[in-house]
2 protein chains.
Amino acid sequence: MSRATIKSIAKDLGISHMTVSRALSNSPKVQKETRDAVLERAHELGYVKSAAALMMRGDAPRILGLLLPNIVNEFYARFANDMALACDRHALHLIIHLTNDDALTQQQSLDRLQEVQATSVVMVPAPESGDRAPPMTGSMNVIELIRQSEHRERRPAVLVEDGPAIRAAVRHLAETGHRSIAYIGASSALSSGRARLDAFRAGASAAGLNVSEDLIQTCVPSFAMGRAQAEAILKAGCATALLCGGFELSNGALSALIEAREDPKTDLAFIGYGDPSFYAWVNEGVSTIRVPVTELALHAVELAAAPDRTGARQTSFPAELILR
Amino acid sequence: MSRATIKSIAKDLGISHMTVSRALSNSPKVQKETRDAVLERAHELGYVKSAAALMMRGDAPRILGLLLPNIVNEFYARFANDMALACDRHALHLIIHLTNDDALTQQQSLDRLQEVQATSVVMVPAPESGDRAPPMTGSMNVIELIRQSEHRERRPAVLVEDGPAIRAAVRHLAETGHRSIAYIGASSALSSGRARLDAFRAGASAAGLNVSEDLIQTCVPSFAMGRAQAEAILKAGCATALLCGGFELSNGALSALIEAREDPKTDLAFIGYGDPSFYAWVNEGVSTIRVPVTELALHAVELAAAPDRTGARQTSFPAELILR
DNA sequence: TTGAAAGCGCTAACAT
DNA sequence: ATGTTAGCGCTTTCAA
């Protein structure tokens, strides 16, 4: 038994499908009894409007796409959660795709969003392998989140101004007596990766430290890489502090540190990136650079709901150093 | 400038829209040069098939809906992540909705999924307030996850067989010398809540403990409630151990315990529910009842991809007690 | 107050 | 190898 349509209901009741349509849209121009009959029958049959038909006519529900690397990282999860709530308020349909930071998956997701005529997409751009063509986004209103893709005219973006917090973190470590501070961050294929590294360097030189290059690790921003790099740093044993410049990297590095906890020479001062709730609970509290998730999400939805035609605006929200 | 369609491309090239359609569908019955011309032009214009049109014709991409209370809890996040991966492999479109465990939101989500002709829905049913009508799901293939809704013919379900693990947890606490074990779980409005409480009682009596009723707290399965109940238990001070029977409740309770950590009388043995990664890191490691997320997700996708018409099957996956 | 026709983008089934 | 027609479910426009 297939879905009820206005036509099936109409035939059922021996009236025109237009009357049914009007009744279901609460048009005033239908006799009360007719409407009641229609509504009742529609309810019985579990009638639901076909989104496809509506879309084809152009009065589609507005769809907002969200592309995230994953949704296990608490930052992304919170972001998605906040976006979902905000979308409800704006009567936007939210469709979430996970890219796993892979350019191909990302393109497929974008294609699917175009197919369903998404009006806007909020995306954390996947790192690009230089020679690849920029992602095709058709006429969708694309808003970049946290990272900014290169090689094209700037797109509207919702970013984190983490430079000050990163410099403050380095300063704090220096003031606490650390001279050898290691850094793990995203490779410079990502503009955000470059910016954070610059901030780290600036902080270090402001504190009068000269950072040896082998204390600086840049890599793909994944949990696994963060873990691996942290293990390497522990093994080398020449750093006394570690600062991370990325959500996944930070979690990965922290996992390595915690699991090496029994080992006394492990006692590395750590400052993470992002503030998942458990950072407050682990190891007497983990210091970190907190990113204002909810503000980012709300602003992203604003931009998506009311596309800013006045040009590609970049908005930054300040990160905050949390010392624990 | 609006989206390119087969007709616009056809007019553009002075051919029939059918030829364009065929070319784009790789039909063998088009001259090579014609096809090439079409493909090139289509690419230039950034042509994308209209999902709406395809849906209307009935050859829609198969859509799988996923309804979760939230996506911040690591269990749900992992579940969604695993489902997303599995859906890719099955060429299913995944649409995630968050219900916040609210019956109304849940119904709205179901309606929207029906509108887009979702073929299946995997859902964690929201607790129901007794008198409410059961959710309308039309002809969608509904698969219940973790919890089972009452008051209607059974639906296919993917459940956790946690009875043995819960009893083992109680036994372990008893063997460690605990006589006053508190329990926080979902109210009996949820079948899973009832089942877990039963398991707790069974475990207690098997261990020769008689549990006083005021050590048993059942409530709405939210983080906030878990936290509040745990605080109350701490304050009362008559329990020496605490067992939780729910993901959110467990996290909430744990947060209360950790934040009361300095207080010596706080030293409550704790066994949680679900195994977010940080449980291994907090407080020297938190014991817990681990639920096999990935298996659940994979099985749910199987059921969704190949609806089991042979009746409403309940499948259970065993939970495991992790002692840390 | 109700109905009939047209068209949104696409493809299967017939023409040609 | 290419073109024409019809119809998927719905609403807007025009007619009765």
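The legends below describe close-up views of a predicted model with protein chains and DNA strands. Residues are numbered from 1 along each chain as its sequence is written, while chains are lettered from A and ligands numbered from 1 in the order in which they are written. Because the model is predicted, local features need pLDDT of at least 70 and side-chain atom pairs count only at pLDDT 80 or more, whereas totals for chains, interfaces and linings use all residues.

**View 1. The surface near DNA strand C.** DNA strand C is surrounded by 23 residues, a residue being near a strand if its C-beta atom, placed from the backbone, lies within 6 Å of it. The closest are A:Ser16, A:Thr19, B:Thr5, B:Ser21 and B:Ala53. At least two residues each come from helix H2 (17–24) and helix H4 (51–57) of chain A, and from helix H1 (6–13), helix H2 (17–24) and helix H4 (51–57) of chain B. Helices (H or I, at least four residues) and strands (E, at least two) are DSSP runs, numbered from the N terminus. H4(B) gives the most, with 4 residues. By class, this surface has 9 nonpolar, 9 polar and 5 charged residues; Ala, Val, Leu, Ile, Met, Phe, Trp, Tyr, Cys and Pro count as nonpolar, Asp, Glu, Lys and Arg as charged, and the others, Gly among them, as polar.

**View 2. The surface near DNA strand D.** Of the 23 residues around DNA strand D, those that come nearest are A:Thr5, A:Ala53, B:Ser16, B:Met18 and B:Gln31. H4(A) supplies the largest share of this surface, 4 residues. The residues divide into 9 nonpolar, 9 polar and 5 charged.

**View 3. The side of chain B that touches chain A.** In this view, 35 residues of chain B are in contact with 36 residues of chain A, contact meaning that two C-beta atoms, placed from the backbone, lie within 7 Å. H4, helix H5 (74–89), strand S2 (93–98) and helix H6 (103–115) of chain B each give two or more residues to this side. H5(B) gives the most, with 6 residues. The classes here are 20 nonpolar, 8 polar and 7 charged residues.

**View 4. An open sheet in chain B.** The 6 strands of this sheet have the order S7-S6-S8-S9-S10-S12, with mixed pairing; two strands pair if DSSP finds at least two bridges between them. Strand S7 (216–219) and strand S12 (320–322) are the edge strands, each pairing on one side only. Strand S10 (residues 287–290) of chain B runs antiparallel to S12(B) and is joined to it by 3 bridges. B:Thr288 has B:Ile322, in S12(B), as its bridge partner.

**View 5. Two residues with positive phi.** Most residues other than glycine have a negative phi. A:Asp101, which is not a glycine, has a positive phi of about 60 degrees. A:Asp101 lies in the loop between strand S2 (93–98) and helix H6 (103–115) of chain A. With 19 C-beta neighbours inside 10 Å, A:Asp101 counts as partly exposed; a residue is buried if 20 or more other C-beta atoms, placed from the backbone, lie within 10 Å of its own, exposed if 12 or fewer, and partly exposed in between. For B:Asn283, phi is near 45 degrees, again a positive value in a residue other than glycine. B:Asn283 belongs to the loop between strand S9 (269–273) and S10 of chain B, and is partly exposed, with 15 other C-beta atoms within 10 Å.
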